[in-house]
Every structure is written in structure tokens, then in C-alpha cells.
Amino acid sequence: MNYLSVDQLSKSFGERTLFENISFGLSQGQKIALVGVNGSGKSTLLKILAGIDSPDRGQVVINSEVKLAYLGQQPDFEPDLTILEAILAGDDAVSQLIKKYEYHVARVDTDAESAEKLTVLIEQMEEADAWNYESQLKEILGKVGIHNLEQKIGELSGGQKKRVGLAKTLIEKPDLIILDEPTNHLDLAAIEWLENYFSSSQLALIMVTHDRYFLDNVTTEIIELENEGLYHYQGNYAYFLEKKTEREQNAQIEKDKARSQYKKELEWIRRQPKARGTKAKYRVEAFDDIKKRAHVNLEKSDVVLQVSDRRQGGKIVELEKVTKAFNGQQVIQSFSYIFKKGEKIGIVGENGSGKSTFLNLINQKIMPDSGEVILGQTTLIGYYEQKEPDFQAGLKVIDVVKEIAEIVSLSDGSTVSASKFLTLFNFSVKAQYDYVDKLSGGEKRRLQLLLVLIRNPNFLILDEPTNDLDLITLRVLEDFLAGFKGCVIIVSHDRYFMDRLVEQLFVFEKGKAIRPFTGNYSDYRQAERHSTEKTVVEATREVKERVKTEARKMSFKEKRELEEIEKELETINGEKERLIIMLNSGEGDHALLAQWGKELKMLEDKIDTKEMRWLELSELE
């Protein structure tokens with residue numbers, strides 16, 4: 001079933017063309033990642049698809065039977081609403097019913113009328129299956145890290161608003177979701193949960209994301225916006241990189257051929273008289289196409305990161321029994337560590353566990369309650385903050401850079417002007433004289449990174465550096481950091497980024513001391529899963545031992561539960577056998593086989609849970 005069709009779509013801003021005459025479609029269950037360099041028009045295209053912006057030419061057609069949801073980078077909610085009110089702000093009957101129920105529950109102790117209305121509302125909730133809806137609502141909010149449903153929207157950070165927006169989008173159960181950087185501001189556990197949610201769902205999805213693991217595990221197709229056009233890739237991120245390189249090489253070959261042909265045709269054009277026959281006119285018209293192909297712009301707009309290496313002394317940064325508390329709650333507990341040359345350390349932990357506090361302590365933006373942070377004499381910290389850069393309005397890009405330095409030292413010992421340095425960061429001469437207010441979110445982030453590196457730091461603190469950067473810039477940043485000789489601390493929810501760069505983790509958990517872990521993020525998750533599995537086995541053993549000790553008889557309710565589990569296991573095992581037969585048949589495309597594999601894994605997990613409970617109950621017989 002076709003959900004969305006894009007036909008000959010074009011969009012420009014002033015003299016700058018984002019895309020021209022692009023076309024594509026989206027069907028049920030199809031999941032597409034939209035990629036391209038910052039400023040190529042990705043977010044603009046998503047807004048056009050969602051009906052928020054309009055194209056200059058062309059049209060977007062959405063199937064009338066399809067329910068569409070859009071989540072931009074910065075969701076817009078009324079600040080005076082509570083989180084629950086914002087979530088239930090839709091017009092559907094169930095949302096309105098739950099709003100009334102929650103309203104009267106809050107007043108039932110002081111308002112007799114509310115108590116009476118609750119009696120009717122409870123019956124209506126039963127009929128509408130609203131209890132199930134409400135439990136799903138609270139489960140999804142909990143998964144994305146939102147727990148206080150009475151908190152006002154105006155009190156939330158930008159990241160918290162994004163998570164509320166994401167939860168609202170999922171709760172509405174749309175058929176088609178348009179998402180702009182959905183993993184920004186989510187912790188790693190929430191990203192993995194969202195990844196599983198999307199990959200096991202039949203909804204259609206088109207999104208912009210920088211998270212390559214998320215992209216690989218969720219999407220089945222990649223669409224690239226480049227040079228005002230659109231390019232399709234059926235496969236994962238690695239396949240995209242391979243085929244993109246092939247496409248660029250082929251395009252250069254075609255351009256070289258067209259340039260050779262153009263020279264010949266140009267000579268012919270110059271020799272011919274003004275009055276031409278039909279054949280000559282056809283050749284003149286073909287000349288225009290050759291000219292266009294010969295002069296197509298194939299210049300790559302990659303960022304080039306080059307800064308000089310500042311010498312690092314024997315003492316870098318030392319933390320001695322550092323503690324920090326806020327409002328009586330201990331965030332950092334007596335932590336000591338001596339940083340060594342060239343260390344690359346990742347920081348993981350759920351939101352609110354103290355990661356940003358730790359970074360601010362090292363950077364000496366805040367002081368510890370006790371203990372000491374000691375910086376070496378030659379240590380110069382470069383701090384890339386998570387918050388969106390706040391550039392002074394009315395300044396041009398070149399002026400922002402010149403405020404720090406007009407001449408910049410590079411890694412090869414040479415120096416360049418501020419303008420040339422901006423060019424290395426993919427800011428054209430024209431873009432350098434644009435006002436910072438006009439930059440896209442990704443371009444502002446790129447400028448922010450430039451301002452950190454221009455000072456030639458030897459100790460980098462990167463707080464969510466991957467947010468809003470395009471995939472091409474991310475690859476360049478990774479290559480630069482891999483060869484960076486100074487120390488690096490990275491807080492990132494980008495698992496691919498962490499796996500490639502870090503060799504050690506600091507694990508943050510609320511109310512607990514910082515825990516060092518040797519290895520990258522995937523090593524850590526594997527260790528955590530092993531620990532969880534071990535805990536489940538031990539818990540099962542304890543249950544069995546307790547049941548044996550108590551030696552009690554099974555209750556009537558437990559007998560009924562045992563019978564139901566036996567019936568459910570028979571049904572689930574039948575479904576499992578059916579899926580195995582389908583997988584072994586070799587029928588179906590790659591996406592369908594992957595979907596069956598995920599369904600099989602879910603069934604196996606469900607069988608394990610049911611069998612564990614069956615064993616527990618059978619011990620009572």
C-alpha cells in the first residue's frame with residue numbers, strides 16, 4: 001500500500017537551491033533514512049512532507065487513509081501545560097476520556113461531584129479499553145526517561161521536550177512517522193528501546209539520523225540529498241558508503257567524457273552559420289545538455305580538520321577525592337583519577353546521573369564540594385558543550401572566528417587565515433559573510449566545533465559532539481580524533497562513535513560511585529547483558545528453593561494461571577514453528593527475512609518467560 005508520493009519537488013532559499021525535481025515514494029512498512037551534508041535541505045524536505053513548509057514546485061501526496069505524525073528537532077508545546085496534558089492534547093476520544101478521568105481523580109477527595117463522575121468515567125474507560133492506552137502511555141514515557149507527568153512543559157529542558165514529543169508521537173500510533181534526529185537527547189538505554197520498537201513495527205518511517213547503528217538496525221533504504229538531487233541506496237550504511245564512492249567515480253568519468261565532447265561541439269557551433277537546417281538545430285539543442293553535464297559541480301564538500309598539536313607535559317589532569325552535591329543529593333562521590341597521555345575515555349549513564357557535572361568539574365566551570373581538580377601547566381582544555389551555541393545576533397560567520405584568531409596554525413606546521421580555516425570546515429567564501437542567524441542547526445554545530453579546535457587544545461571534552469552533525473562530517477571528526485595525540489573525554493549516545501574511539505568508560509549510575517570499565521561501549525553492553533542473565537538465573541533458583549521450602553499447595557488462581565500458560569505455550573510454539581519454516585524456505589526479500597528473524601527472537605524471549613513461570617507453578621502441584 002502506497003503511503004506517500006513525492007513528484008518533481010523543488011525548493012530554494014534566495015539564490016541557493018536545496019533540491020530540484022526530486023521524486024520518490026514510501027510504502028507500508030518501508031523505513032528510509034535521509035542523509036546529506038548539513039545545509040543540503042534534509043530538515044526542509046521533512047517539513048514539506050509533513051505539510052509544515054511548502055515547495056516551490058512539485059507536490060506531495062499522502063494517502064487519505066494514512067495517519068501521519070511528524071517530530072521535528074524542537075517540538076512546540078504550550079509552556080503552561082503539564083506533561084500529561086501535552087501528551088493528551090489530541091482530539092481523539094480516548095485521549096479526551098483519559099484527560100477527564102485524570103482530572104477528576106485528582107479532585108475526588110475534595111469534590112463530591114468528581115466522585116460521582118468517576119463512576120461513569122470508569123465504565124466508559126472499560127468500554128473504550130482506555131486502561132490499556134493509559135498503561136502504554138506511562139510505559140512509553142518511562143522508556144524515554146519521563147516520569148513526573150505533572151511537571152510543567154515550561155520547566156523542561158530542550159532535550160526533555162524532545163523526549164515528550166517523541167512519546168506523544170509513538171502513543172498516537174500513526175501509520176507513517178517523519179522524524180528529524182529522533183535519538184538526540186535520549187540516553188543509550190532509551191535509544192536501544194526505540195530501535196527495537198521501530199524495527200519490530202510495521203509502520204512506515206522516514207527520518208534524518210546521525211546514529212549509524214540506529215540507521216543500520218532500523219532502516220532498509222538510504223536516500224541521499226546531494227548537488228540538488230536525490231540518490232537511492234538499497235542497503236545499510238556500509239553499503240551506502242561503498243556505492244556512494246562508486247557513484248562519485250562514475251560521475252567524474254561521465255563529466256570528463258562530456259567535457260571532451262563539449263570542446264568538439266563548441267568548435268562546430270562556432271563554425272556554423274546562423275541559418276541551420278533541422279539536423280543542425282537538433283545538434284544545437286543537444287549541445288545545451290552536453291554543456292550542462294560538462295560543467296556539473298562535483299566538488300566534494302567534506303570538512304578537513306587540521307590543527308597543530310600542542311605539547312603536553314607530564315601532569316595532565318588529576319582528580320583527588322572529588323565530591324559534588326546539589327540540593328543535598330550527592331552526584332559525584334569521592335572520585336580520584338590521574339589522566340595519562342593520549343587517553344580516550346567515554347562516559348555513559350542515564351540522563352541526570354552526573355555526566356555534565358563531571359565535565360564541568362574538570363573544566364573548572366564549577367568547583368567541587370571537597371577534593372581537588374589539578375590541571376597541568378601545559379594542559380589547555382577545549383570544551384564542546386551539548387547546549388546549542390548562542391552566537392551574537394548580527395555577526396557574520398567570519399567575524400565570529402576572527403574574534404578568536406585571524407591566523408590559525410595547522411598540524412603540518414603551516415598557518416592559514418581565518419577565512420581559509422573556515423573553508424577547510426566547508427564554509428564557502430559566500431557562506432562566511434552570511435549572518436550566523438541564517439545557519440542551519442548542523443552548520444552552527446560545525447562552527448562551534450571550529451571555535452573549539454582553533455585554540456589548539458590538547459585535552460578535548462566533547463559533550464554530545466554528534467548531535468546535528470551530518471554523517472560525512474562525523475566520519476571526518478572520527479578520523480581526526482583517532483589520530484589526536486592529546487586526551488579526549490567523550491559523552492555520546494552515538495554507539496558507533498564510541499565504539500570506534502574510546503578504550504575505557506566511566507559508568508555513571510544515580511546514587512552510586514563512578515565505575516571505571518575497560519573496553520568500548522559494545523564491550524560494556526555485552527558485559528551488562530551477561531550480568532543480567534546471571535541475575536535472572538540466580539533469581540529463578542532462589543524462587544524454586546523458596547517454593548520447595550514453603551511446600552505450600554497451589555491456589556485455585558494459580559491452577560487457572562498454569563492452565564492458561566500451557567495453552568499459551570502451545571500457541572506460541574506453533575507460531576515459532578511457522579516462522580522457522582518461513583525462514584528456512586528462503587522466500588521473501590532481505591527486509592522481510594530480517595523482520596521474521598526479529599519476530600522469532602521476540603517469541604523465543606516470550607517462551608522463556610512463560611516456561612520460567614510454568615516451572616515455578618508446577619513445583620506447587
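Trainee: Leaving aside neighbours within four places in sequence, which residues is I347 in contact with?
Mentor: I347 is in contact with K355, F358, L359, I489, I490, V491, S492, M498, F506 and F508. Contact means heavy atoms within 4.5 Å. Before we go on, this is a predicted model: local features need pLDDT of at least 70, side-chain atom pairs count only at pLDDT 80 or more, and totals for chains, interfaces and linings use all residues. Residues are numbered from 1 along each chain as its sequence is written, and side-chain values use heavy atoms, with hydrogens and water left out.

Trainee: Where is I347 found?
Mentor: In strand β12, residues 344-349. Strands (E, at least two residues) and helices (H or I, at least four) are DSSP runs, numbered from the N terminus.

Trainee: Is I347 buried or exposed?
Mentor: I347 counts as buried, because its relative accessibility is 1%. Buried means under 20% relative accessible area, exposed over 50%, and partly exposed in between (1.4 Å probe, protein chains only).

Trainee: And how far apart are the C-alpha atoms of I347 and S492?
Mentor: They are separated by 7.4 Å, with the two residues 145 apart along the chain.

Trainee: Zooming out, how many helices and strands are in the protein?
Mentor: There are 20 helices and 20 strands. Of the 621 residues, 46% are buried. Take contacts between residues at least 6 apart in sequence: 68% of them join residues at least 24 apart.

Trainee: Now helices. At what angle do α3 and α4 cross?
Mentor: Roughly 150 degrees, and their axes come within 9 Å. Helix α3 is residues 93-105 and helix α4 is residues 112-127. Axes are lines fitted to C-alpha atoms, for helices over the stretch in contact, and angles run from 0 to 180 degrees between N-to-C directions.

Trainee: Which residues make that contact between α3 and α4?
Mentor: From α3, they are L97, I98, K100, Y101, H104 and V105. From α4, they are S114, K117, L118, L121, I122, Q124 and M125.

Trainee: What about α3 and α5?
Mentor: Helix α5 is residues 130-143, and α3 packs with α5 at about 80 degrees, axes 10 Å apart. The two are therefore roughly perpendicular. Angles of 65 to 115 degrees count as roughly perpendicular, under 35 as roughly parallel, over 145 as roughly antiparallel, and the rest as oblique. V94, S95, L97, I98, Y101 and E102 in α3 meet A130, W131, Y133, E134 and K138 in α5.

Trainee: New topic: where does Q30 lie?
Mentor: In the loop between β2 (16-27) and β3 (31-35). Q30 counts as buried, because its relative accessibility is 18%.

Trainee: What does the side chain of Q30 reach?
Mentor: The backbone nitrogen of S27, at 2.9 Å. The Q30 side chain also makes a polar contact with the side chain of E221, at 2.7 Å. A polar contact is a pair of N or O atoms within 3.5 Å; within protein, one must be able to donate a hydrogen and the other to accept it, and residues adjacent in sequence count only if both atoms are side-chain atoms.

Trainee: Last one: what is phi of N327 near?
Mentor: Near 50 degrees, a positive value in a residue other than glycine. Most residues other than glycine have a negative phi. N327 sits in the loop between β10 (317-326) and β11 (329-338). N327 counts as exposed, because its relative accessibility is 86%.
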